[in-house]
Amino acid sequence: MAQLSDNEINEAATAIRRGMEVYVHREHGRMLIADDPERNVRADPEIFEAIIQDVSTDPDAYVHIERMPAADAIQVMKDFTDRVRNQELWQALTYALKRPRPFQTFKGELNKFPKNYQKWRDYRQVRYREYVTKAMAAE
């Protein structure tokens with residue numbers, strides 16, 4: 001099994017967070033990132049089809065790192081909220097996670113606290129890196 005570099009893990013984590021499909025070749029570690037045009041109107045359907053066709057010719061040669069399940073992504077937000085020391089922000093984020101559309105509401109509340117928004121982005125990236133690393137280790 002090929003190992004991914006730190007930069008590749010970061011790239012895969014970012015792609016997964018953005019809802020893209022990530023495939024890693026088991027032998028040489030070549031990473032293919034496909035943005036599904038059905039989920040993202042700006043995605044290039046030709047590139048997506050080429051990547052999917054490449055993977056489908058030998059699917060056992062690739063590890064498919066799937067999107068993080070919504071429940072796990074919400075848990076990442078809860079874990080971040082538990083680390084917040086600002087009482088006002090903690091209350092806003094806790095409430096946001098209980099409302100409909102928790103992802104959008106959480107982000108909206110964080111935007112009101114610019115200093116903490118960058119802390120959230122850093123924390124989220126670390127957690128997605130861990131997710132990619134676990135997915136690769138499971139294969």
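This is a predicted model: local features need pLDDT of at least 70, side-chain atom pairs count only at pLDDT 80 or more; totals for chains, interfaces and linings use all residues.
## Helix 5

Helix 5 spans residues 102-111, and its buried residues are Pro102, Thr105, Phe106, Glu109 and Leu110. These residues lie on the same side of helix 5, because they cover an arc of only 135 degrees around the axis. An α-helix has 3.6 residues a turn, so residues three or four places apart point the same way.

The cover over the buried residues of helix 5 includes helix 3 (70-83), helix 4 (87-98) and helix 6 (114-138).

## The largest pocket

The largest pocket holds about 530 Å³ of space. It is lined by 19 residues, and those closest to its centre are Arg17, Ala73, Phe103, Arg124 and Tyr128.

At least two residues of this lining come from each of helix 1 (6-17), helix 3, helix 5 and helix 6. Helix 6 gives the most to the lining of the largest pocket, namely five residues. Sorted by class, the lining of the largest pocket has twelve nonpolar residues, six charged residues and one polar residue.

## The second largest pocket

The volume of the second largest pocket is about 210 Å³. Its lining is made up of Phe80, Arg83, Val84, Arg85, Asn86, Asn116, Lys119 and Tyr123. Helix 3 and helix 6 are the elements that give two or more residues to this lining.

The largest share of the lining of the second largest pocket is that of helix 6, with three residues. By class, three residues of this lining are nonpolar, three are charged and two are polar.

Conventions:
Residues are numbered from 1 along each chain as its sequence is written. Side-chain values use heavy atoms; hydrogens and water are left out. Buried means under 20% relative accessible area, exposed over 50%, partly exposed in between (1.4 Å probe, protein chains only). Helices (H or I, at least four residues) and strands (E, at least two) are DSSP runs, numbered from the N terminus. The arc is that of the directions from the helix axis to the C-beta atoms. Contact means heavy atoms within 4.5 Å. On a 1 Å grid over the protein atoms alone, a cavity is a set of points where a 1.4 Å probe fits but cannot get out, and a pocket is an open set with protein on both sides within 12 Å along at least five of seven lines; lining residues have an atom within 4 Å of a point. Grid points are joined across faces, edges and corners, and a volume is the space filled by probe spheres set on the points. Ala, Val, Leu, Ile, Met, Phe, Trp, Tyr, Cys and Pro count as nonpolar, Asp, Glu, Lys and Arg as charged, and the others, Gly among them, as polar.
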